[in-house]
Amino acid sequence: MKIEELSALEVSFNRLIETLLIKKAENEQFTVKLSSERSQFTRFNHAKVRQTGCVADGWIELTLMADQRSSVRQFPFTGNWELDWQLAYSALQELRDELILLPIDPYLVLPSGTNTSREVHSGNLLPEEAVVSSVLEQVNELDFTGIYAGGIVIKGYGDSSGQKHWFATDSFTLDYSLFSTSGQAVKGTFAGSDWNKSAYIAKISEAKKQLELLARPCKELPRGQYKTYFAPAAVADLLVMLSWGAISEADIQQGNSALAALSRQEKQLSPAFSLKENFQRGLVPRFNELGEMAAPELPVIEKGLLVNTLVNSRTAKEYQKTANGANGSETLRAPEISPGNLVFEQILPRLDTGLYLSNLHYLNWSDRQTGRITGMTRYACFWVENGEIIAPIENLRFDESLYRFWGENLVDLTNFQEFIPEVGTYDSRQLGGSLVPGMLVENFTYTL
Amino acid sequence: MWSELKKAIASFDIPADWIGIRAVKETSTSRSVRDGLPQTNGKSFTVGAMLEVLVNGCLGYAATNSLEPSSLEAAAQTAYKQALAASEWWIHPFRESERPKVVGEYKSPFLEPFDALSPGEINDLLVRICQTLKVDDKIVQTIAGASTIERESWFVSSNGSEVYQKILSIATHYGATAQDGSIVQQRSNNGSQANCYQGGLELLKQENLWHRVRQIGEQAVELLTAEECPTTRTNLVLAPDQMMLQIHESVGHPLEIDRILGDERNYAGGSFVNKSDFGNLVYGSPLMNITFDPTVAGEFASYGFDDTGAVATREYLVKEGVLQRGLGSLESQARAGVSGVACARASSWNRPAIDRMGNLNLEPLNASFEDIISGIEHGVYMESNRSWSIDDRRYKFQFGCEYAKLIENGKLTKTLRNPNYRATTPEFWHSLIQVGNAENWQMYGTPYCGKGEPNQAIWVGHGSPVCVFANVEVFGGGS
């Protein structure tokens with residue numbers, strides 16, 4: 001998106017807030033959330049283009065609150081004032097008509113505070129017409145599949161108490177897999193705000209080396225328990241589960257959390273395991289749906305003990321807790337697992353005999369109350385003997401409790417971390433990612 | 001809408017071989033209550049257009065949330081440039097025949113319009129469901145929710161297509177959490193968000209609603225003192241609300257031709273099925289008959305035409321255990337050279353169409369539920385999905401359910417908690433030994449079938465009778 005277009009959207013968004021402030025009745029409060037993007041999505045298969053196109057999207061979420069009731073309207077935001085205001089005004093009228101019909105909400109939180117922020121991160125992305133050739137020229141002899149997603153993403157916020165936030169970032173992600181003729185694959189992501197050709201070439205060269213290892217015949221392993229090294233991308237997959245019925249204070253209070261036993265101090269994790277929210281990298285907005293700013297850092301698990309859950313203002317009001325700027329769903333937005341002491345060169349020697357897993361796939365709770373997670377190994381996963389990679393493996397299903405692999409069975413974490421970018425594009429391009437080390441675990445349970 | 005879209009196509013100044021516009025207008029509402037108190041009340045409106053342009057065999061797209069003529073023109077230019085930029089690297093030379101001319105319309109059947117009840121009346125109903133679920137002090141949480149969608153789409157093309165579809169759908173959900181010390185159990189109405197249908201507000205109050213609500217509350221409490229599901233190999237009887245997930249994950253996804261062609265390998269995965277398997281592979285036992293059927297009235301993913309204009313018809317995917325055809329759109333059929341169905345669908349105007357499963361149903365045979373149970377000496381009967389995971393080739397799976405009963409000597413006996421089972425897809429479908437009849441055939445759906453790059457969550461419907469699988473590995477919870 002050109003700077004002028006971005007500026008026009010911001011002007012239009014600000015005008016919308018200002019006009020709503022004029023139109024609102026004395027007993028009314030509102031919040032306005034904006035999500036907008038101009039994205040190119042180019043999808044690859046067999047080092048060819050499968051689908052390519054651009055999406056210009058944007059929507060406003062207007063929440064009106066009055067007399068201890070609230071309701072929401074979501075509608076398109078185009079930057080064309082006449083169109084956008086017509087939709088906004090009609091939404092406001094509809095909300096007024098609806099509110100009087102709704103039950104009272106005792107835990108409704110009204111916007112307050114005076115937070116404002118403005119961050120615009122410009123980038124140096126590939127021109128739209130150069131994406132295909134720039135990506136494919138480096139991989140045209142390989143079985144390359146994946147997606148390039150790039151462009152500008154905007155998140156905005158305004159409310160009736162005068163808070164206002166604007167976050168715009170120009171970025172791209174290239175999420176890809178390189179397949180061997182036997183169907184084994186190496187997974188990679190290349191992401192940032194500046195397309196760096198030499199860094200991309202280096203990434204692909206590194207992946208090619210792993211691809212050579214995958215050419216060896218596959219080893220089929222029987223079910224059982226194996227010492228396992230999880231590369232950072234696999235650790236990030238396990239970490240995501242904490243945002244799905246675990247780390248949320250509401251989930252703990254409502255009997256829906258895998259960390260309830262940790263919260264009750266019936267169990268604890270390894271002293272080597274520490275997790276925090278770290279917004280200092282600036283890749284995601286710090287403000288939430290009420291315009292509240294999260295602290296730059298929030299320790300969550302320290303040396304195996306739960307020191308903070310994610311608490312939003314609504315949960316805080318309901319359960320008499322202190323809010324800490326969490327979002328509506330109380331999910332991790334900028335998670336970081338602290339590094340340990342395992343140096344890169346020692347990963348295979350310390351593993352000795354067992355499994356080296358680059359990635360995992362399709363995780364789910366198999367028994368949430370005991371923290372048990374099932375899922376599959378996927379991409380560049382190897383059998384290791386005496387510190388040497390012997391062969392790629394046939395994928396295995398695991399079923400194991402986080403109280404074991406982040407608890408008594410955690411051997412060590414690597415002394416380096418990797419940033420695993422968020423590449424999701426449901427509804428819109430997601431931002432941010434996880435900063436995580438690799439980890440070595442004893443007796444990880446494989447079941448099929 | 002017709003005249004604006006046709007006028008737009010006629011006005012575009014681009015040398016394209018074919019141009020299509022798919023405009024979508026969708027209004028959805030979502031209301032939910034927890035412990036009798038409101039959680040969400042809202043309405044969402046989206047409108048936009050997906051423009052596709054075919055140039056020298058290459059398709060490019062651009063999507064815009066403004067239907068102004070200038071925005072459509074800009075999108076057409078962008079789509080044209082996208083196609084041109086990819087022209088040397090295109091995976092397949094597409095032709096106009098993959099976008100045939102078609103004219104027609106489809107509308108969901110319904111009895112009561114969505115405004116037949118006010119937002120306040122809907123909230124009242126949800127509050128009453130929560131109150132009725134709380135059958136015991138051990139119920140620590142109750143939830144109830146309802147959402148509606150009214151979706152209209154218009155598809156026009158430079159070769160004369162004009163398709164209008166209007167889909168009304170409604171999803172309801174309720175459930176209870178029971179707790180006794182560290183033991184926590186959840187029970188819901190057929191699993192998370194499984195009651196999804198096309199129709200109007202008449203679907204909000206299903207037959208025997210209040211009996212069912214009370215039953216869900218009682219079963220949540222019952223699970224607190226139930227035995228853990230045993231770890232053993234035995235006969236597994238699956239209710240239709242779990243068969244839904246079983247069909248979806250281990251039949252639907254592996255038969256998607258775009259997966260077989262490798263499009264999804266970087267995200268959702270590939271398939272253990274190969275192109276050469278169509279017409280040959282014995283997928284399961286001879287009792288297995290699976291149809292792709294967009295014609296079932298009221299099923300969640302019924303439609304008249306897919307999003308590229310292909311006419312939707314009922315087709316057998318698996319007949320008497322043998323794989324017949326795949327879930328592949330006209331584009332995938334052209335690329336793979338195998339038969340498919342009308343299944344190119346997009347989640348909204350802002351995503352391109354890809355192969356999706358629509359309604360996928362296991363056809364009934366002749367066994368009553370009583371006959372099925374009475375014929376089993378030992379087994380486990382499971383209801384309502386709560387956990388799902390399957391590998392990228394759709395081969396090794398593990399699923400868990402909310403509620404189970406032990407079957408001993410032809411009778412349902414003890415209630416079991418934390419029931420799970422695992423197997424490989426071919427082994428499992430070959431172990432199908434009994435299929436229920438039309439009386440125990442039920443249909444469900446989900447709005448959350450995820451796939452595609454960029455990602456798309458889409459609505460699918462699944463119907464099935466009760467089924468019996470022999471010698472399946474089952475197990476319970478615990479660390």
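The model is predicted. UniProt, in an unreviewed entry, assigns this span of chain B the feature "domain: Metalloprotease TldD/E C-terminal". The feature of that name in chain A is placed by UniProt, again from an unreviewed entry, at residues 224–446. That span of chain A is 17% helix and 37% strand. Its end C-alpha atoms lie 5 Å apart.

Two further UniProt features fall in chain B. "Domain: Metalloprotease TldD/E N-terminal" is listed at residues 21–83 of chain B, from an unreviewed entry.

The interface was examined next. In chain A, 91 residues are in contact with 86 residues of chain B. The area buried between the two chains is about 7000 Å². Carbon and sulfur atoms give 46% of that area. A:R43, A:R50 and A:Y426 supply 11% of the area that chain A buries against chain B, more than any other three residues.

Polar and charged pairs were also counted across the interface. Between chain A and chain B, 64 residue pairs are in polar contact, with both residues at pLDDT 80 or more. Strand β2 of chain A (residues 48–66) gives the largest share of the side of chain A that touches chain B, 11 residues. By class, that side of chain A has 32 nonpolar, 33 polar and 26 charged residues. The count of salt bridges between chain A and chain B is 11. One of the residues involved is A:R43, which pairs with B:E453. The closest N and O atoms of A:R43 and B:E453 are 4.0 Å apart.

Strand pairing also crosses from one chain to the other. Strand β2 of chain A and strand β3 of chain B (residues 58–64) run parallel and are joined by four bridges. Within β3(B), A:V55 has B:A63 opposite. Strands of a sheet pair through backbone hydrogen bonds, in either the parallel or the antiparallel sense.

Salt bridges over all chains come to 46. Among them is the pair A:R96 and A:E28, with the closest N and O atoms 2.7 Å apart. This pair links distant parts of chain A. A:R96 belongs to helix α2 (residues 81–99) and A:E28 to strand β1 (residues 28–45). The two residues are 68 residues apart.

Chain B holds an open sheet of six strands, in the order β13-β12-β11-β16-β23-β22. Pairing in this sheet is mixed. Its edge strands are β13 (322–323) and β22 (442–451) of chain B, each of which pairs on one side only. Strands β11 (residues 290–292) and β12 (residues 315–319) of chain B run antiparallel, joined by three bridges. B:I290 has B:V318 in β12(B) as its bridge partner.

In chain A, strands β6 (residues 164–179) and β7 (residues 185–192) pair in the antiparallel sense over eight bridges. A:Y176 has A:G188 in β7(A) as its bridge partner. Five residues lie between the strands of this hairpin. There A:G183 takes a positive phi near 95 degrees.

Two backbone features in chain B stand against a general rule. Most residues other than glycine have a negative phi, and most peptide bonds are trans. The peptide bond from B:E453 to B:P454 is cis, with omega near 0 degrees. B:P454 is placed in the loop between β22 and β23 (456–464) of chain B. B:E453 is also the salt-bridge partner of A:R43. B:N56, a residue other than glycine, has a positive phi, near 50 degrees. B:N56 lies in the loop between β2 (37–55) and β3 of chain B.

Conventions. Residues are numbered from 1 along each chain as its sequence is written. Chains are lettered from A and ligands numbered from 1 in the order in which they are written. This is a predicted model: local features need pLDDT of at least 70, side-chain atom pairs count only at pLDDT 80 or more; totals for chains, interfaces and linings use all residues. Side-chain values use heavy atoms; hydrogens and water are left out. Contact means heavy atoms within 4.5 Å. Buried area is the accessible area (1.4 Å probe) that two parts lose on being put together, summed over both. A salt bridge is a side-chain nitrogen of Lys or Arg within 4 Å of a carboxyl oxygen of Asp or Glu. A polar contact is a pair of N or O atoms within 3.5 Å; within protein, one must be able to donate a hydrogen and the other to accept it, and residues adjacent in sequence count only if both atoms are side-chain atoms. Ala, Val, Leu, Ile, Met, Phe, Trp, Tyr, Cys and Pro count as nonpolar, Asp, Glu, Lys and Arg as charged, and the others, Gly among them, as polar. Two strands pair if DSSP finds at least two bridges between them. UniProt positions are given in the numbering used here, feature names are shortened, and annotations may be inferred rather than shown by experiment.
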